[in-house]
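User: Hi! Could you walk me through this structure?

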Amino acid sequence: MRIAERILTAFVVIIMVGLVLVPTAQVIMRGVFVLPFIGAEEFTRFLLICLVFCAYPLVVQNGENIVMGEFKAAMPGRLRGIVNWSISIGAIAATGFLAYVTATNISRNLANATPTLGIPFWIFLGATLFGFAGAALVHLLHLRKPPQADTNIAV
């Protein structure tokens, strides 16, 4: 799993670099060369969507999503275990359902594309599908040992 995590991290970093470079290039093209960078706004939105959804499984994997750690730390150990298990089951159901809905939308919109650059709609939703399906898988793996169960809250 570590190799997949590293590959995904590298991919997300590349997307983030693109997210910085595209608007920078647009400013330089318009300000210095007085040339429009056609499609820069659309491509920036595309990169932002991809960044958010492709990074989502990494957020879940590292336990960096909102877990209300202080509230759970105040609970007795047994209740905390039940809450962690319930959160994992709920997260699997929610992300799995959203992945299913996204896959359905992709299958119904295969011919659609963005107006300026003609980016196929399925690529936008592909990042969303990847994010939710990946998060569902990570939540499923966390049923064995949730990362938030090991968190020690410093006071």
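User: What should I know about the model and the numbering before we start?

Analyst: This is a predicted model, where local features need pLDDT of at least 70, side-chain atom pairs count only at pLDDT 80 or more, and totals for chains, interfaces and linings use all residues. Residues are numbered from 1 along each chain as its sequence is written, and side-chain values use heavy atoms, with hydrogens and water left out.

User: How much of the chain counts as buried?

Analyst: The buried share is 32% of the 155 residues. Buried means under 20% relative accessible area, exposed means over 50%, and partly exposed is in between (1.4 Å probe, protein chains only).

User: What about contacts between residues 24 or more positions apart?

Analyst: They make up 74% of the chain's contacts with a separation of 6 or more. A contact means heavy atoms within 4.5 Å.

User: On to packing. At what angle do α4 and α5 pack?

Analyst: Helix α4 (residues 77-108) and helix α5 (residues 121-142) pack at about 155°, and their axes are 8 Å apart. Axes are lines fitted to C-alpha atoms, for helices over the stretch in contact, and angles run from 0 to 180 degrees between N-to-C directions. The two helices, α4 and α5, are therefore roughly antiparallel. For reference, angles under 35 degrees count as roughly parallel, over 145 as roughly antiparallel, 65 to 115 as roughly perpendicular and the rest as oblique.

User: Left-handed or right-handed crossing for α4 and α5?

Analyst: Left-handed. That term applies if the near helix is turned anticlockwise from the far one by less than a right angle, and right-handed is used if clockwise.

User: Which residues make that contact between α4 and α5?

Analyst: On α4 they include S88, I92, L98 and I106, and on α5 they include W122, L125, F132 and L140. By class, the contact of α4 with α5 has 14 nonpolar, eight polar and no charged residues. Ala, Val, Leu, Ile, Met, Phe, Trp, Tyr, Cys and Pro count as nonpolar, Asp, Glu, Lys and Arg as charged, and the others, Gly among them, as polar.

User: Nice. Is α2 roughly parallel or antiparallel to α5?

Analyst: Helix α2 (residues 40-61) packs on α5 at about 5°, with the axes 8 Å apart, and that makes α2 roughly parallel to α5. Among the α2 residues involved are F46, F53 and Y56, which meet a set in α5 including F124, F130 and V138. The contact of α2 with α5 divides into 15 nonpolar, six polar and no charged residues.

User: And how do the axes of α1 and α2 cross?

Analyst: They come within 9 Å and cross at roughly 155°, so α1 and α2 are roughly antiparallel. The crossing of α1 and α2 is left-handed. Their contact has 18 nonpolar, five polar and three charged residues.

User: Let's zoom in. Is E5 buried or exposed?

Analyst: E5, in helix α1, is buried, with a relative accessible area of 14%. Leaving aside neighbours within four places in sequence, E5 touches L58, Q61 and N62.

User: What about Q26, buried or exposed?

Analyst: Q26 counts as buried at 14% relative accessibility. It lies in helix α1 (residues 2-31), and beyond neighbours within four places in sequence, Q26 is in contact with F37, A40 and E41.

User: What is the phi of V34?

Analyst: V34 has a positive phi of about 50° although it is not a glycine. In general, most residues other than glycine have a negative phi. V34 sits in the loop between α1 and α2 and is exposed, with a relative accessible area of 66%.

User: Last one: where is A111 found?

Analyst: A111 is in the loop between α4 and α5, and is exposed at 77% relative accessible area. Its C-alpha is 7.6 Å from that of F121, 10 residues apart in sequence.

Conventions
Helix = DSSP H or I, 4+ residues; strand = E, 2+ residues; numbered from the N terminus.
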